[in-house]
Amino acid sequence: MSKLKTDIHFEISERKVLLRILDIVMVFLGLYLLEQFFDFNYLTLHQEHGVALLVLAFYLTILGTVFEIYDLQKSSTLDVTFRNVVLTASTVVLIYMLTPFFTPFLPDKRIEIVYFYSSIIVMVFLWRVVYVTFITKPRFYKKVLLVGEISNIESIIKPLKQADPNYKIVGFINCEQEHEAPIKFRGLKEFQPHELLSVINEQNISEILVAAYNSETITNEIYGSLMMLLESGFTIREYTQVYEEITHRVPIQFVGKDFYKYFPFSRSHQNKLYQLFHRSFDLIFSTVGLLFGVAMLPIILIGNLIANRGPLFYVQERVGKNGAVFNIVKLRSMIVNAESSGEAKWAQKNDSRVTPFGRFLRRSRIDEIPQFVNVLKGEMSVIGPRPERPYFVNELSQIIPFYEMRHVIKPGLTGWAQIKSRYGSSVDDSLTKLQYDLYYIKHCSFFMDVNILVKTLSAVLYYRGQ
């Protein structure tokens with residue numbers, strides 16, 4: 001068998017690392033150019049500024065995450081990228097100037113601050129122009145051939161395309177022995193089983209994605225070709241693994257009797273040190289959050305009096321860890337008696353029941369502040385799946401497989417589903433959120449918790465609350 005050729009491509013993790021490293025390199029290059037061509041001595045690449053340079057790189061990485069310059073979807077658009085780079089640079093420079101214990105004192109010539117600020121924007125954006133011009137182009141796509149059953153082809157392809165536009169499924173081979181006329185789906189070409197090896201060379205395929213839910217449907221011809229490719233070192237992957245890796249969701253709709261293969265929950269759940277950290281963080285963060293709420297109380301009371309008339313707080317039953325029901329406390333954001341019929345209703349996007357001030361409370365997430373009391377009582381955590389009402393839990397658990405599995409840990413104020421998905425107001429939305437929740441339960445760690453907190457801050461700053 002001749003050696004297979006494939007195009008160069010970058011994985012999602014490789015692109016994110018590339019963005020972060022080159023951002024730092026370009027900022028340091030900007031400092032070098034300032035030192036060479038301008039009267040700039042505030043921050044140089046000399047040894048005495050070593051700690052200050054590391055602090056600058058740290059601020060850029062963290063705040064860049066907050067302002068989404070490492071979001072691959074947004075990084076592929078120059079206008080959005082420029083806006084986020086300016087926001088990142090503005091915040092980095094401001095905080096950098098306010099931490100002189102770790103950074104240089106303000107320069108005597110204030111123009112150096114302008115040089116410093118401008119160089120960060122110019123150098124990072126120049127690199128992002130290069131990234132959009134070259135790295136996001138088709139020549140760097142990962143070209144994939146799908147081998148599987150075509151009955152669920154849309155549900156297979158759509159989530160991968162949404163999560164990573166550079167993951168390009170160019171065609172498919174139907175592994176079912178008997179099927180009707182060739183199927184056309186959004187430009188995808190159907191190839192015949194005997195064409196598998198030639199297609200890989202002609203299309204420069206980098207990976208074969210197998211999405212056969214019943215292995216018996218794979219014909220002997222396809223099986224023989226796949227074995228030959230595997231023995232030659234070619235990449236062949238199973239769909240559910242790729243789905244989880246790219247979308248950061250557990251594909252429960254494709255999980256059958258082999259469910260135990262998909263849920264080896266994170267060891268952090270049994271790690272005493274992680275549990276201690278998690279609970280300590282809950283106590284500290286909740287205390288600070290309640291103090292912030294007390295400081296905001298005059299504004300909240302005035303807003304409630306003017307544009308949200310009625311009781312300030314709202315108490316509602318929710319399902320917690322191991323199915324235990326508890327009362328959640330929120331600042332009321334809907335009209336009084338929003339469910340006057342007595343029947344539980346899904347909250348909708350732009351829900352007419354939400355008051356003007358309630359809309360502000362939701363989008364800024366201030367309405368969640370009283371739930372810090374639930375966290376202090378141990379009924380909730382800061383990070384975890386959002387707690388749902390008993391009515392909807394009973395309804396969804398009958399429709400969506402593994403729904404009650406989200407109750408193996410404490411519910412949270414924020415979570416993986418909250419930062420990864422938009423407003424949920426249907427069964428399909430609940431399925432998506434469950435996929436994210438189970439991914440968190442499966443992979444939770446200290447670094448993942450930090451990531452969630454940083455991106456929650458991003459959601460607050462961009463006013464994306466529900």
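Let's start with a pair of helices: α4 and α5 cross each other in a right-handed way. This is a predicted model, and in it helix α4 covers residues 78-97 while helix α5 covers residues 111-135. Their axes are 9 Å apart and meet at an angle of about 150°. Angles over 145 degrees count as roughly antiparallel, so α4 and α5 are described as roughly antiparallel to each other. On the α4 side, the contact includes L78, T81, F82, V85 and V86, among others. On the α5 side, the residues taking part include I113, F116, Y117, I120 and I121.

Now step back for a moment. The chain holds 16 helices and nine strands. It has 466 residues, of which 48% count as buried. If you take the contacts between residues at least 6 apart in sequence, 75% of them join residues at least 24 apart.

Next comes a sheet. Five strands form an open sheet with parallel pairing, in the order β3-β2-β1-β4-β5. Which strands stand at the edges? They are β3 (189-191) and β5 (236-238), and each has a single partner strand, so one side of each is left without a neighbour in the sheet. Going from one strand to the next, the twist averages 35°. At the β5 end, β4 and β5 pair in the parallel sense over three bridges.

Take α9 (239-247), which lies across β2, β4 and β5 and runs at about 80° to β5. Then there is α6, made of residues 153-163. Its buried residues are I153, I156, I157, P159 and L160. Why do they end up on the same side of α6? They cover an arc of only 170° around the axis, and that puts them on one side together. What covers these buried residues includes the strands β1 (142-148), β2 (167-174) and β4 (207-211), along with helix α9.

That brings α6 and α9 together as a pair. In general, two packed helices are described by the angle between their axes and the distance between the axes. For α6 and α9, the angle is about 30° and the axes are 9 Å apart. With angles under 35 degrees counting as roughly parallel, α6 and α9 are therefore roughly parallel to each other. The crossing of α6 past α9 is left-handed. From α6, the residues S155, I156, P159, L160 and A163 meet Y239, V242, Y243, I246 and T247 from α9. Two of the buried residues listed for α6, I156 and P159, turn up again in this contact.

Strand β6 (residues 313-319) and strand β7 (residues 325-331) run antiparallel and are joined by seven bridges. Within that pairing, E317 stands opposite N327 in β7. Five residues lie between the two strands, and in this hairpin N322 takes a positive phi near 60°.

Last stop: V336, in the loop between β7 and α11 (356-363). Is V336 buried or partly exposed? Its relative accessibility is 42%, so V336 counts as partly exposed. Setting aside neighbours within four places in sequence, V336 is in contact with R309, G310 and P311. T355 is 19 residues from V336 along the chain, and their C-alpha atoms are separated by 9.7 Å.

Conventions: Residues are numbered from 1 along each chain as its sequence is written. This is a predicted model: local features need pLDDT of at least 70, side-chain atom pairs count only at pLDDT 80 or more; totals for chains, interfaces and linings use all residues. Side-chain values use heavy atoms; hydrogens and water are left out. Buried means under 20% relative accessible area, exposed over 50%, partly exposed in between (1.4 Å probe, protein chains only). Helices (H or I, at least four residues) and strands (E, at least two) are DSSP runs, numbered from the N terminus. The arc is that of the directions from the helix axis to the C-beta atoms. Contact means heavy atoms within 4.5 Å. Two strands pair if DSSP finds at least two bridges between them. Axes are lines fitted to C-alpha atoms, for helices over the stretch in contact, and angles run from 0 to 180 degrees between N-to-C directions. Angles under 35 degrees count as roughly parallel, over 145 as roughly antiparallel, 65 to 115 as roughly perpendicular and the rest as oblique. A crossing is left-handed if the near helix is turned anticlockwise from the far one by less than a right angle, and right-handed if clockwise.
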